[in-house]
Amino acid sequence: MKILNSPSRVVASADYHRERWRNGLGWTREILRLPEQGDWQLRLSIAEIEQDAAFSAFPGVERELVLLQGEGLRLRFADGRCETLLPPYQRLRFAGEEGITGELVDGVTQDFNLMWRRDALQAELLHRPLVGNMLFFTEPQAAWVIHLLAGQAEFEGGALPPLAAGDTAWLGAGERKRFALNGGGELLAIRVTPAAAL
């Protein structure tokens, strides 16, 4: 899939693009969208939730939310379900069509927001400690996103710029390639493949 072959790069947290939510009830800092123009198939962002608010609806999209900062976020679903994300880094996957209201447990939160179009892509999100060396392999049908939650890290051989806490690396699909990440801290690692590869 062509968008997964987007060139590998590091996006520094200072370069994330801040914009209003689609429904105007909050702010988001966009990390990455593919393709960059037109309708996206993969989007990563950090939502800044300052008040209880309804979530925007995204039909045809799968979402996974990870609590990054704050005391917690309660998600009330239209069907009556209620899920609470608590620190550190609790997460939840759900369908973008679902009617959801976010309620703050105790003050403002920041939440990592992974979204992908389910008819085009599949994404698997992992939360891992980074202790020493961690290997990631890109392939013709597999790309990776690495978001450094805490600490610092660098790619072996200077393959890409080093990562500080809050930075994100995109490791594009293509010829099988090994990326060795060295450092200490915690990260989110997301493997992205075409939906047909399941």
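Colleague: Is W144 buried or exposed, and what is its relative accessible area?

Modeller: W144 has a relative accessible area of 11%, so W144 is buried, where buried means under 20%, exposed over 50% and partly exposed in between, with a 1.4 Å probe and protein chains only. F136, at 4%, counts as buried as well. This is a predicted model, in which local features need pLDDT of at least 70 and side-chain atom pairs count only at pLDDT 80 or more, while totals for chains, interfaces and linings use all residues. Residues are numbered from 1 along each chain as its sequence is written, and side-chain values use heavy atoms, leaving out hydrogens and water.

Colleague: How many aromatic pairs does a search of the whole structure find?

Modeller: A pair of aromatic rings is described by the distance of the centres and the angle of the planes. Rings of Phe, Tyr and Trp (its six-membered ring) pair if their centres lie within 6.5 Å, and planes under 30 degrees apart count as stacked, over 60 as edge-to-face and the rest as tilted. The search finds five such pairs. In one of them, W40 and F58 have ring centres 6.0 Å apart and planes at 50 degrees, so this pair is tilted. W40 and F58 are both buried. For F136 and W144 the centres are 5.2 Å apart and the planes at 65 degrees, so that pair is edge-to-face.

Colleague: Which residue lies over the face of W40?

Modeller: A charge sits over a ring if NZ of Lys or CZ of Arg is within 6 Å of the ring centre and within 35 degrees of the ring normal. R117 lies over the face of W40, at 4.5 Å from the ring centre, and R81 lies over that of F77, at 3.8 Å.
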